[in-house]
Amino acid sequence: MASAVGAGEGQLNIIAWAGYAENGSNDKTVDWVNPFTTETGCKVSVKIGNTSDEMVALMKTGEYDGVSASGDASLRLIYGGDVAPVNTALVPNYATIAPFLKDQSFNSVNKQMYGIPHGWGANVLMWNPDKVTTPPTSWGAVFDKSSEYAGKVTAYDSPIYIADAALYLKATKPELGIKDPYSLTEEQLTASVDLLKNQNKNVGEYWADYTKAVQSFDSGTSVIGAGWQVIANTINADGKVKVSSTVPVEGATGWSDTWMISAKAAHPNCMYKWMDYITSAKVNAQVAEYFGEAPAQTEACKVTADKDHCTTYHALDEDYAKKISYWATPRTQCVDGSGSNCTSYSEWLTKWQEIKG
């Protein structure tokens, strides 16, 4: 772990979700990379990671200084020795990051942070009210009652979606004893997989790229399913159809993305400077608005261009945040600390392939 931040090395190589490190090439008005280079002298090279699995594989090469990891990647990176613990005292903007994003099971080990929180959001239940006339309040609408919308259900295309089924079963099948949707025994995993296999018969669209989910609702291919708030906002803004969204009574899964530094970073000073810069109020506000999420930086809410942005995304609403079970990498050593009899991500990956057939 770094004890000080020195002069920048002149270069920074990072892996990021699309929209997290814009340099003006996609939209000349959206650029926070070049101002960072001007400020620090660190020239930024960005590799877009399309999935968490891809990001983990790229980080293992040792060619990158850092990554914007979601919770379904962060523990794999930590326990794989691919990222280093972060000295948060060297990141001044960490002081005003939302407290409920700090020292969590997906970004820390034994209260040692392995990154700086960047942005977060819930995986909401979304539907077209013209087609789903009774507003659903439970995830049962896409699980137990999915046959009512056969061929019109959409679901997130990732093994981590198994946790959505587990969260629903936690509330509706208490006899399974599920306490944490990412800490599943063989029996609990089997029950979750069975629920998703049943749902699969009615899924018309699996999406990993959120623009695909937007297109699915716009075209009428989907009328109900799991989505992100940015998907709902985008659909409603383009005006082809209207959708509603909610966090159901069972709660929701969600993501909290974390900037993590490689254990083999060739440019650690530039990476520390980046982690502080990207979570500064002005820049974190810009990223959150462009991407469509809640900023992790509480001060960002004072400087968003859209003064309702933080209200829309519940950025400062700790009660809302508590409804979310944030993505965490499943491990045999249970994420919730309950024992060593849980199923690993590799097993979830195998089961996911079975679910989709």
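**Notebook: the chain and helix α8**

I counted 12 helices and 13 strands in the protein chain, where helices are DSSP runs of H or I with at least four residues, strands are E runs of at least two, and both are numbered from the N terminus. The radius of gyration is 20 Å, close to the 21 Å that the globule rule gives for 357 residues, so the chain is as compact as a globular protein of that length. I took the radius over C-alpha atoms, and the rule is 2.2 Å times the number of residues to the power 0.38.

The model is predicted: local features need pLDDT of at least 70, side-chain atom pairs count only at pLDDT 80 or more, and totals for chains, interfaces and linings use all residues. Residues are numbered from 1 along each chain as its sequence is written, and side-chain values use heavy atoms, with hydrogens and water left out.

I looked up the extent next: the C-alpha trace spans about 60 × 50 × 35 Å along its principal axes.

Then burial. Of the 357 residues, 57% are buried (under 20% relative accessible area, with a 1.4 Å probe and protein chains only).

I checked contacts (heavy atoms within 4.5 Å). Among those between residues at least 6 apart in sequence, 72% join residues at least 24 apart.

Last, I turned to helix α8, residues 268-278. I found 9 of its 11 residues buried, among them Cys270, Trp274 and Ile278. What do the buried residues of α8 pack against? I noted the strands β1 (11-16), β3 (66-69), β6 (116-127) and β11 (252-261), and the helices α1 (33-40) and α9 (281-291).

Technical notes:
Buried < 20%, exposed > 50% of the residue type's maximum accessible area, 1.4 Å probe, protein only.
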